[in-house]
Amino acid sequence: FIGIMMGDGGISKYQIIITLHHIDDLEYSDFVAQLIKKLFKITPSINHSSKNSVNDITVSRKELVRYLHELGLPIGNKIKQQFDIPEWIKCDTKFALACLRGLVDTDGCIFTHRYRAKGTWYAYKKLSFTSASRPLRQSVHTLLQKFGFHPRMTDKDVRLDRAEDMKRYFSSVGSHNPKHLRRYESTVG
């Protein structure tokens, strides 16, 4: 949940909002709403905005805002604050894997890289995690290395380029976002 909040979530003084694409992430929206119910015993409201092509999953509770802030999530503009994964998550393998999954499920993408060499076309899957927070990108890169992956960091994202890393990511870290699972499992070509 913390990874989801760090990705597509935001916290104001009185509420949390998780904003997901209204079509691509529709199934994932249901997962997130059920996760909130399970964790906090609160039924979130889901507001659809066709104008912005999003579903906003919202919980208005000062106590929840306070609790999440105490856990290390920023209130207000998280990018201006150049937020990062809280230390208590980084130093616990189980929490770090779950946070990484939530971050990639929200601010990650799976895509097919295609190129031509000596007249032959090649295609394989890659993973990209994008954030405007440099400390967050650095932490994702470090965690991936810690778990034995071979990430590559650019100015805007962290990538897994190797086919064996992709296979291991989906078997060891996994995903709760059906969109990512479908893209990963679809035939390359």
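Hi everyone. Let me start with a word we'll need: on a 1 Å grid over the protein atoms alone, a cavity is a set of points where a 1.4 Å probe fits but cannot get out, and lining residues have an atom within 4 Å of a point. Grid points are joined across faces, edges and corners, and a volume is the space filled by probe spheres set on the points.

The model is predicted, with local features needing pLDDT of at least 70 and side-chain atom pairs counting only at pLDDT 80 or more, while totals for chains, interfaces and linings use all residues. Residues are numbered from 1 along each chain as its sequence is written, and side-chain values use heavy atoms, leaving out hydrogens and water.

So, how many cavities of 30 Å³ or more does a search of the whole structure find? The search finds one. The largest cavity holds about 60 Å³ of space. Its lining is made by Met5, Met6, Gly9, Gly10, Ile11, Leu73, Pro74, Gly76 and Lys78. β1 brings the largest share, three residues.

Now for the pocket, an open set with protein on both sides within 12 Å along at least five of seven lines. The largest pocket has a volume of about 520 Å³. Of its 22 lining residues, Phe1, Ile2, Leu35, Leu39 and Ala98 lie nearest the centre. Which helix gives the most to this lining? That is α5, with seven residues.

Definitions and conventions. Helices (H or I, at least four residues) and strands (E, at least two) are DSSP runs, numbered from the N terminus.
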